[in-house]
Each structure stands twice: as C-alpha cells, then as structure tokens.
Amino acid sequence: MTDQVTVFEDHKNQRIEYSTCYMCACRCGIKVTIENDNVRFIQGNRNHPTNQGVLCAKGSAGIMKQNSPGKLRQPLLRKPGTARGAGEFVPISWEKALDMLTARLQNIRSTNPDKLAFFTGRDQMQALTGLWAQQFGTLNWAAHGGFCSVNMAAGGLYMMPFAFWEFGDPDWDRTKYFMLWGVAEDHASNPIKIALEKLKRRGAKFVAINPARTGYQAIADEWVAIKPGTDGLLALSMVHVLLERELFDWDFLIRYTNAPFLIIDAPGSSDHGLFWRNAAGHPQVWDMCTQNFADGMEAGSNPSLSLLDKHITPAGRTVRTVMSLMIEKYLDASYAPEQVSKITGVPAETIERLALEMAQVAFEETIEIACEWTDWTGRKHDKFIGRPVSMYAMRGVSAHSNGFQSARAIHLLQILLGTIDCPGGFCAKPPYPKPVPPPVKPAQHSAPNQPLSSSPLGYPTGPEDLVIDEQGNPKRIDKAFSWETPLSIQGLLHMVITNAHNYDPYRIDTLILFMANMAWNSSMNTAEIQKMLVAKDSEDGEYRIPFIVVSDAYHSEMVNFADLILPDTTYLERYDTLSMLDRPISETDAVCDSIRHPILKTNRDVRAWQEVLVDLAGRLQFPAFVHENGEKRYQDYKDFIVNYQKEPGIGFLSGWRGKNGDQHLRGEPNPRQWEAYIDHQSFFQHHLPLNIRYFRFVNQAYLDFAVEAAYIPKAEPMFIEIYSEPLQRFRLAGEGVYDGPRPTQPADRERLAKYFDPLPFWYEPLEQQRVSAEEYPFFAVNQRPMMMYHSWDSQNAWLRQIIAQNFLYMNRQRGEHLGIADKSWVWVESHNGKIRVQVKLIEGCQEDTVWTWNAIGKQSGAWALSPDAPEATRGFLMNHLISELLPEKTGERRLTNSDPITGQAAWYDLRVRIYPAAPGEEGTWPTFPTIKPLPDEPRPVDRLRYHTHPPVNLKS
Amino acid sequence: MRLGLVIDLDTCVGCHACAVACKEWNTSGTTGALTDYHPYGAEPSGVWFNRIRHFELGDYPHNKTINFPMSCMHCENAECVTVCPTGASYKRAEDGIVLVDQNKCMGCNYCSWACPYGARELDRASGTMKKCTLCVDRIYDMEIPEEERQPACVLTCPAHARMFGDFDDPESPVSRAVRERGGYELMPELNYQPSNKYLPPRPTRPIPTENLKKRGIRQVKDWIHQAVTR
C-alpha cells in the first residue's frame, strides 16, 4: 500500500534495539525503538521463540515503567536517630554504602555465616544469587518460589523428569484436547495466549477448571466451576474412571514408569513400602515370560503389572507391584465420581465425561510422526506415537497445602493416558528432562569463612538429607528442609520475617531482600509482619531483625522498612542473562537462552543488583570470585558472565561460545559473547532435530546430547516415578520405623505419616481442617489480572487506568440470597482478621467461592502514587485475612500455613464469612499510615503528555 | 480500498494488550500526545483509542464471559463526519479511514454525540477530538518493515484476535474470515455500515464418548495382561 497524503515520523533520530522484557516472568523478546534516549515504541520481537512478535499490555506499558516517578534514584540510609519504617532517609554514596555493608558482612562471614539471610523475590538470576550465597557460606538463601509455585516444581520433579511451570509445556501445535487447571494468566502470559488461539483454530477442545470464569477461562469450550483446593480429588476421580474401564496406556506404564516395580509389603518394618532391590541396588520386577524376578533397570524384561498378585522373594519376603497398589487405592469408592462430586462441586456426569473424552482423544485420535529414533535399550523405532491430550496447571493448584499431591494427581492422569513428552502431549523444555528428582542435595553445614559444599537448595531423597541439627531442629531461618516441610526445595520466604522476629530457631544479624515486597503483598498477615519489621528486643533495645538491606528499582512498601536501600536499575538499563543454569526460556523443541543489555543510559545514581553482587563477592574474597593472590577475578557482571565456567566449557550463556564464537552449548569462554548475543537480537536458539524431540527421558540420542550440554550427569533413562520412594522414606520416619533420622515431635510424626503418601492422594487443605465451614462458609482465592503483574504495575500510568481498584467478586445468586447488593461494601472475616471491601456480583464465580485480583491494593504513598490513590483507599489485600501460621492447636508448636511436604505458602486455603457493612461504612479497611516520599522523589504530575517527538500532522 | 479490523471474539481473552499498544504508538503518533489526567492520582484517566469491555452472558452455571474491544469502526456512512461543523472529521476516499484534522478541530463534541460506538475521545489538553487512525502513520510508512505495517493493536495481539485488511478485496484475509466465520457488524440497524466486523465464538467440537461408555466397567481380574518388553 502507498499513501500520498501522510507524513511519517522522522526515523533519523531513532535506533532499534532488541532485548528481553521484564514486566513479568515470561521474558518475551522485545524490539525497542528509541528516539533521543526516550522509548518511542516497545513491540514484540517477531523472531523470538517465546512471544513470536506479540506483546501483552504489561510489555507495551514498559514505557511507563521506565518513566515511573517511583524509580529509586540513589542509595539511601535510614536517617540516624529515626525509627525504622518512619520513612526518613538520607542519601549515602555507593562507596560508603558498600564499605559499610562489606564490613558488616565480613564480620558475619567470619563468625557465623548463617546470620545473613539473603532472599530474593522477582529474581531472574538465581544461578548467580545462589552461587553468591553458597560462596558466602550461608544456608539462609532462597528465592521466592516457596510463596510462589514451588508445588508445581516439586510435584512434577519428584514424579516426572520435568514439571509444569517453566519445565514443560503442552505440544501446542499438535494437542487436540487441553485441560487448564486453575489460574495461570501470569504464568504463562503470551505463550498460552498464542497457544489458545492455535487450539481454537485447529478445533481442539479447551477445558478450564477454575472457580472463576475470567481471563483464559472466558474463551474455554467448557468451564468447570470447581471448589478451590479440590483439584487433586477431581483428577483422581478421573483416574478412577479410566482404571475402572481399563482405559490406560499399558505400554507406557510398563516401559517408562515404575508401575511394574516391586515394593516390599511388610507393614511395620523399616523397609515397608520401599522398592525390593537387587545386589546392584536396582528395583526388581516380575517377568511374566520367564516367570521369575528380573532387574527393573535392565532392558529386555517383560514386567508384569501383577494387578492382584503378590510375589514371594527367595528370602521369603512378600512384594507387590506399584500398579497393584494403584488399583487398590484408586478403584476405591471414595474416588467414584458420585462421591467426588460432593466435595468438588463438579457434577458426577461431568467428571466421567471429561475422563472419557480424554481417553477418546488419547487412544482413538492418536497421532504418529514418522521418524527413526532409538530408545535407551537400543530398540529402534520408526515413529513417535502421540496421545494428543495435554494439561497445564500453575498457581491455582499450587497455592494450597495439598498442592504438591494435587500436582502429582494431575500428572498421574497424564501418565495413565501416556501423554508425557509425546507428540500432542505435555513436553519437557531443556535443560529438562532431568533424573527424578534432580541429583542435587541441599547443603547441610556452614562454617566461618567457608563456602558451602553445595547449593543451599536441592532435592532431599530421604531424612538423611534434611538440614537439621543433632536434636532434629531446623538449621535454616525459614526452616526449610526440616521435619516441618522436608521437601521445601525453594525455601519458605514467607516465613523468614516471622521466624527471624521470633529468633526461631535463632537471631539473625542482617536480612538482604532483593525485589521482594515482603512488607506488603508478598507476605501473609501483612499488618503483623510490618510490626515485626520494627519490633525491638526488650533486652538490648536493638531491632529484633538488626539490619535490613533492600535492593529494588522502585519505591515499594518494603523499601520503606530498609536500613539501607541499594537502588537497582530498570530492565532497560542493565545486563542480564536468562540462563540455562537457571530458569531458561527454552521451548519444548529448542534450547533457548537470552540476555538483556543496557539500551538506555541511566540518569540516576543506581547500580544493577547483579553488579553489586559481583562487586561484593570480590570485596568479601569469595574463592570463586578472586584469584589466589586475592585480586578480583571478574571486573564486573559482564566479565563474570563471559568467563565463569561451572565446568569446562559450560557457562551462563550457551550461544556463541569458544574463542571465535563458533561453538554452541559447550565451549571455551568467548570474550565477545555479549556482542554476539546483541548481534542476534539478544537470544540464542538451538532447534532440536526431530529424532530428539520426543520421549527424551528414554531417547538415547537425546540423553547423549544432554550429557554433552551438561543438563544431566549420565546418559541413563529417567523413569517416571508414579510411586515415590523418597516420600515413603519420610513416611516411615513419621511412623517411627525408618532406619535413619526420625522426628520426635508428635505433630511432625503425624504429618509425615499422613501426607507423605508415595502415591498421589487428596486431603482437605490443612487450614480448612481447623476452621469451621459453617462459621466461614466461603472459600476465598485470588486470580491474576492479565494487565498487571503482582505489585509492580500500580505505578504504571497506563495500566492503572485499566485497573486501580480491586473488588471482591461473588456469585450473583448467592450474593442476592445473602442480601448483598452489587457494588456494596461488606466485611470479610477469617479466623485471622477482617477487611472491608467492595463487592461485585457476577455470574462467573463458583457459588461457594469469592475471589479478587491479586496485589492491586497498595499502602498509601508507596510507588510514588498520590496518597489518595484508589489502590490505597478502595483497593485491598486479602493478605490480612491469611495467617502465615496454622490456627493454634493445644500441645503443638505453631506450624507454618504451608504445604506440609514442600512449604509452599497456602494462600488459597482461606475460608471467610461475609456480611454487609453498616450504612455509611465505606472505603477499604484496614488502612495504613501514608508512606513519606523518598528524597528527590518527584511529586505526582496532574497531566502526562508522553511523546518522543512533536506530532507529525497529516497533509490536508 | 476499505480498510478495517476484524475482531475474533472466540479468542479474545480480554488482556488489554491491544489497548496499551495503541496507546504507546499513538501517544507519539500523528495526533499525539494522548493526554493522561492525574496519572498517579485518585482518578487516573486519559485518552485511549481502543477500550475493552467485559460482560457476561447467561446465568451461572451456564454463563459465558465476553471480552469486547471497541474502537472506531470507520463507518461507510460516518455520521461523525456529516455533523462536523469545521470539516475536521473526514473519511478518506482512498482507503476509508476516518480521521480528524487536528488543525481544524475545535473540540465541539458533535462528532462524539453522533458516534453510537463511543469511539471518539476529546483530549482536554489539546482541546481536540481524537480517535483510532488505523495507525495510518504506520501502515503506509515505507521505512517500517513490510510485515510490521499494521496497526499496533493487530501487531501485538497475543491471541491473534485482531486482523487488519481491505474489505473491498473479497479474497483478503479479513473478507474471508468474515465470510467463513459469520462475521457481523455492530448495530446494523443504524445503517452506519461500520467497516470493522466481529467474529462470533466458534462452536465446540463434540467428542464422542459413547463407544468408550459401552465398554462398561471391567473387573480387574478380567483384564488381559499385556506382554510389553521393557
């Protein structure tokens, strides 16, 4: 098309830069037009594997994030003589700030490194922060996974070679039936939206299971209004339906899972429920052809599923298969749709139909891709067989105290259907698949001036791996890897402030938080947490948490409680890596990683947090960061990323390695690696050849490839563990018969015995077990608005025009029945507190559930918003209703309100009662004091007319 | 040529990506800046060319949530043009885009009263009426790569729920989509003949389960053990 009358903008003063978005965790590729050092336009990068040219509202609104008046401008120190939280700060130079911090940290490191607690929030560089903590030598490090969605990671990785979240995705181009469990609008954002359109275009069916119908569920072919926290039960009822009709993939179970493995059946003994192993330590199977026992890890046997039989070993022990246990468990009437319907609220007919629909698609609409490949036994195949049913689940399932077992239940459904890493199924994203669970154990000991022997986080496989002292007490401040939550593989950031305040298990000295809003939306029980942050010790008069360092780019509520504020840059002003060592951006068919680089000059006295970490690592003489003579090994972050090697040839970035930049995945450091990434639009993509695209957990060529790329240690098959032996070990410990560490407190014993079922099962969420459903008749949960990411976006001038106040959404018929009018103000009470909020009555809400948008409510004055912003006066947090501790029980120590297995914060277990506010009672409650503006923080403007050049008028 | 948009209600998830991409392009566009009032204050508002409505159909549990983006429809019979006293509002003969000449507009609001779709926005800072330009300053700019010469909203839509093209060409993707998917215009009874069209949600494919149901319950003792070599 051409046009004679339009005048176009002058591109001469513009430049195009490619980088990576940071407005949420998707990490889309962005193409940024910059004009005179201002952002003209941010659009999706068409060539980028994650977003393929599209961009969400948040991504496009990056302009207003860059121009937020809430940006931090300089390092600040709490004004001497003023109280923490009073909001009085004085500028301090970077040199002074870092000298002060170095001295403090040096003292901690040389005496008791665990006195430093270092926790990160929206951290996209955990490989670096984890290495830093390991080199410092503190056990007390984790990112925010514990309060985010660790259940999805752990639930998957203790059962399968990969998981939901960033570890796997449906094969979007081939799946014919997609089931979405719970809220997932924030993870993933653009990839799921792109995919849903593909499904719809192809005529695939999209089923959404969620108590709310907004977001993705709006366009679902079928919406299943489930009661919160019952997803696992629904999945297991579908398992019941499939087993009852013998609708499962026999081949898949026998070849790729531990369903045929034999388990010792000797109740009361120390090895009950463990695999019966041979001298080599391998689990055994019963070979139906030789009618004898065989090694389950050797190729060539014909294992029997021995559905109803038990076997007697030569030594006279009774053993039975995993499959026989599954049959016994899941065919029980308690999983029948009629029973399950009463708890989930989903009609029995729907449960049965959905299960049969999936079986129909999996087994009658099978797809085949012609391709020669060889499995781990050396067997050659001429095609990949696909069962095109796929699922995805995220936070909605995760944020319950039964989320770990519920995630496993959903995976079990996929496994029975044989839809794992096959065409049209649920597929791994490199560096996954990995062995089940990944072979990394958490560090257990710290010592002065010593790095930890491994990462502070890892995957325990038995009680021996816990991080506890000789009395069995936690060694970490968040009590991760203790009897209370043994498999807390991502820590429990939501417990750090409470435990540190209570000196439980000990008093720390310094708390460093990076980009974690723990004084507001990221903590349960926000008002009490704020009190803890300023509480003083009655004896020494010091703060109970003596020193708090906060690094953030913006004036969050947490920044207000810092003693030292270290201002970070924006995402357009710094170098970053989205690394294969960490949370890469791979697709199911490609290895991908990416970078950010400074495309704008900063105009403030700020430093990227990763630069500060590398600097501190040198100052503190971390062995991995200094030469033997004590000189710094790395000039800066950029230098570190290029030259650090985890093992020879393996570094943070996979692309353009080797001296000449001509090697990928493995190769010597390339001094011009950053430039190579920048030349290639800031990402690296290595497409997997077709023969290593599927069944990778047993695909020999893939296994060899993954060893070469250092994703896995050995080219051995990675079988699916339907039955989890690690869980059984903990259960034996709880039962008091384990041959190893055992807990002493009754609460721990009971929890281990009850919840560490080696087969997926469902139980009522823990808080709900202690709160009366009659007294608190509603479930209360959060959903994620697609145009806002957690607390970040209320400062965004454009996004807050879309939403600046959240409401409590309630089923219309139910609300009318209770005499609650649309838009009226109501009180919402839980066992922990009460809030006053404004209601909206809608149809898209399960009748026993209320929900709201997450993290819209703000503390007055934060984020450089005007004190009367609706986020503070009418918006609200549900957090005030949620306790970080379970309701008290006589004779029991206070326990975390988390999944008893993983420590995942149980945000969505909340039950509430609701009643109309009195006439005239309006506005949100509770309210908080207005946070003072920081020095040099600009005052909110009345009018904003953002543009990068005067308008180019049309010729008229 | 008759340019316009097709919006797919089957895939629109209501994410507001189109609205924000429009805002960021057009605030430095031919009628920019698009003013924001009290952007950090008690009642943030501003000039937007594209707004997303959300509403529900049917009563629980048979309800459906509809996300409905609305912007200028670039009507064939554009009353906004007819009522304009200064000639600022005009419809281009060559491509059917309805525009407002910012040099002629005096902000009298007649056009916004004439528009039944709520597509016009008065910028109180400039005192002029503004509206969707179909990114006329993108789609013809030969310095922009050809595949990107589309309105910002179409370029960005993550659910590919927006299409842009020429309705006069019966073989254009927009004409085909309207033909094949039963695309419709809003408020045809007014005879404004809007260019933009909406595609209704697709019917759901039924998945037969009768055969599997007929299999019935099978006792485990009746299952036939399958020999599978590990």
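User: Which residue in β25(A) is the bridge partner of A:Thr577?

Analyst: Happy to start there. Helices (H or I, at least four residues) and strands (E, at least two) are DSSP runs, numbered from the N terminus. Two strands pair if DSSP finds at least two bridges between them. Here, A:Thr577 has A:Ile595 as its bridge partner in β25(A). Strand β24 (residues 576–578) of chain A pairs with β25(A) in the antiparallel sense over three bridges. This is a predicted model, where local features need pLDDT of at least 70 and side-chain atom pairs count only at pLDDT 80 or more, while totals for chains, interfaces and linings use all residues. Residues are numbered from 1 along each chain as its sequence is written, and chains are lettered from A and ligands numbered from 1 in the order in which they are written.

User: Over how many bridges do β25(A) and strand β26 of chain A pair?

Analyst: Five, in the antiparallel sense, with β26 spanning residues 683–687. One such partner in β26(A) is A:Phe683, bridged to A:Ser594.

User: How many residues of chain B are in contact with chain A?

Analyst: Contact requires C-beta atoms, placed from the backbone, within 7 Å. By that rule, 77 residues of chain B touch 97 residues of chain A. On the chain B side, α1(B) gives the largest share, eight residues.

User: Which strand of chain A pairs with β2(B)?

Analyst: Strand β33 (residues 943–944) of chain A does, in the antiparallel sense over two bridges. There, B:Tyr37 of β2(B) is the bridge partner of A:Arg943.

How values were computed
Two residues are in contact if their C-beta atoms, placed from the backbone, lie within 7 Å.
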